[in-house]
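Biologist: I have a structure open on my screen and would like to learn how to read it. Could you walk me through a few features?

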Amino acid sequence: MNKNKIILVVEDQPDLRKLVSLTLDYGGHEVHEADSGAQGLRMIEALRPDLVLLDVMMPGELDGIQVCERVRAHPAIAATPIVFLTSRSQLQDLELGQLAGANAYLTKPFSPLQLIETVESLLAAGS
């Protein structure tokens with residue numbers, strides 16, 4: 001049996017954050033939540049999660065792109081898999097996410113099955 005993985009959900013919309021958390025919690029993972037980019041970055045540094053689900057557009061000092069860039073620039077956490085959650089699906093948005101260093105991109109609305117498949121494949125690749 002695999003040890004439970006630590007997943008951090010960084011999303012400013014409480015309803016979506018709760019839905020994502022419940023979906024992953026059902027899979028037996030240890031799920032933590034942050035409601036802003038700045039809080040998410042602090043939690044990534046403190047928790048060292050196995051995977052981060054990161055909203056791209058968030059209010060406040062750091063959006064998802066900036067959080068991802070800072071994680072990639074920080075040697076101790078640079079290898080952390082990051083999945084962007086976004087309602088922006090234009091080609092340039094996808095390219096921005098790739099340039100920032102995202103491992104995967106889920107466009108809202110996504111299905112719980114899509115979420116689980118993306119998370120599980122990235123976790124399997126990293127273990």
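Modeller: Gladly! Keep in mind that this is a predicted model. Let's start with one side chain: Glu11 has a relative accessibility of 0%, so it counts as buried, the cut-off being under 20%.

Biologist: Which residue forms a salt bridge with Glu11?

Modeller: To read a salt bridge, look at the closest N and O atoms of the two side chains. Glu11 pairs with Lys108, and those atoms are 3.1 Å apart. Glu11 sits in the loop between β1 and α1, while Lys108 sits in the loop between β5 and α5, so the pair ties together parts that are 97 residues apart in sequence.

Biologist: Is Lys108 buried or exposed?

Modeller: Lys108 counts as buried because its relative accessibility is 17%. Lys108 also forms a salt bridge with Asp55, again with the closest N and O atoms 3.1 Å apart. Asp55 belongs to strand β3, so this pair ties together parts that are 53 residues apart in sequence. Asp55 is buried too.

Biologist: How do I read a helix? Which residues of α5 are buried?

Modeller: Begin with its extent, then ask which way its side chains point. Helix α5 covers residues 112-126 and reaches 21 Å from its first C-alpha to its last. Its buried residues are Leu115, Thr118, Val119, Leu122 and Leu123. Seen down the helix axis, they fall within an arc of 125°, so they line one face of α5. The face turned away from that side carries the exposed residues Leu113, Ala124 and Ala125.

Biologist: What do the buried residues of α5 pack against?

Modeller: They pack against β1, α1, β3, β4 and β5. Leu8 is buried, at a relative accessible area of 0%. Among the residues Leu8 touches are Met43, Ile44 and Val52. The C-alpha atoms of Leu8 and Val52 are separated by 4.8 Å, although the two residues are 44 residues apart along the chain.

Technical notes: Residues numbered from 1 in each chain as written. Predicted model: local features only at pLDDT ≥ 70, side-chain atom pairs only at ≥ 80, totals over all residues. Heavy atoms only, no water. Helix = DSSP H or I, 4+ residues; strand = E, 2+ residues; numbered from the N terminus. Expected span 1.5 Å × (residues − 1). Buried < 20%, exposed > 50% of the residue type's maximum accessible area, 1.4 Å probe, protein only. Arc of directions from axis to C-beta. Contact = heavy atoms within 4.5 Å. Salt bridge = Lys/Arg side-chain N within 4 Å of Asp/Glu carboxyl O. Lists of a residue's contacts leave out its neighbours within four places in sequence.
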